[in-house]
Amino acid sequence: MRSVKASPASRTVRSLSEFPPQFWLLTAGILVYVIGVDMCFPFETLFLNGRLHISMTVVGLLLGITGLAGLPFQVLGGAFADRFGRRGVLVLAVCGSAVLYVGLGLSHTLAEVVVVVSIEAAFGWAMFLTGSNAMIADLTVAHRRAEAFGLSRTAINVGMIVGPLIALAFLGSGPGFRPLFVVGGAVCLSFLVVILGGLRETK
């Protein structure tokens, strides 16, 4: 009896189902986190310049210097993830991003902005990349690892598209930048539910 050939769609579904549930849970959490970040990130400079009246020169210096200062923390984050586990690094990342965006929503001076931006540079996005990438590597076999990173990157790209669209709808309804940043920070924090409630340590 001739066997029925599987369709490309069914082969794709079967291939994707071979990834462990923990990988998909992490990928879903990544999507939510990036949506929260990108609800806020594109509007940071507009807020700092237009609402707090910080010059674009100072804004550029602030973001550039804190970004460079945060680079050593990626190394520290990798060492921390290897020594103490991936979940702790992800918790730091989520809290760092939430501090930035909730802090921006409550900030009124340049000094306050410097503090929250510095915290995020040290413990936010850089730690997120370190922790999530390490966990993906733990969860996947070597020959499927490139595919797994591609899927997580797709989740990040979708979040980068969806986040600003949600923000535009939010801003169009009139609340303004400050409430947007607080809501975006809260969306970032919702990733904690996934980390603490569902993700197992993979170290």
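**View 1. The largest pocket of this predicted model has a volume of about 460 Å³.** A pocket here is an open set of points on a 1 Å grid over the protein atoms alone, where a 1.4 Å probe fits, with protein on both sides within 12 Å along at least five of seven lines. Its lining, meaning residues with an atom within 4 Å of a point, has 21 residues, and the closest to the pocket centre are Phe-41, Gly-67, Glu-120, Ala-121 and Trp-125. Helices giving two or more residues to this lining include H2 (21-40), H6 (86-106) and H8 (125-139); helices are DSSP runs (H or I, at least four residues) numbered from the N terminus. By class, the lining has 13 nonpolar, 5 polar and 3 charged residues, with Gly counted as polar and Tyr and Cys as nonpolar.

**View 2. Here H6 meets helix H10 (residues 177-189).** Their axes, lines fitted to C-alpha atoms over the stretch in contact, come within 7 Å and cross at roughly 165°. That makes the two helices roughly antiparallel (over 145 degrees). Val-94 and Tyr-101 of H6 are among the contact residues, as are Arg-178 and Phe-181 of H10; contact means heavy atoms within 4.5 Å.

**View 3. H2 also packs with H10, at an angle of about 165°.** The axes of H2 and H10 are 7 Å apart, and these helices are therefore roughly antiparallel to each other. The residues that meet include Val-32 and Gly-36 in H2 and Leu-180 and Gly-184 in H10.

**Notes.** Residues are numbered from 1 along each chain as its sequence is written. In this predicted model, local features need pLDDT of at least 70, side-chain atom pairs count only at pLDDT 80 or more, and totals for chains, interfaces and linings use all residues, while side-chain values use heavy atoms, leaving out hydrogens and water.

Terms used. Points joined across faces, edges and corners; volume = space filled by probe spheres on them. Axes fitted to C-alpha atoms, helices over the stretch in contact; angles between N-to-C directions. Parallel < 35°, antiparallel > 145°, perpendicular 65-115°, else oblique.
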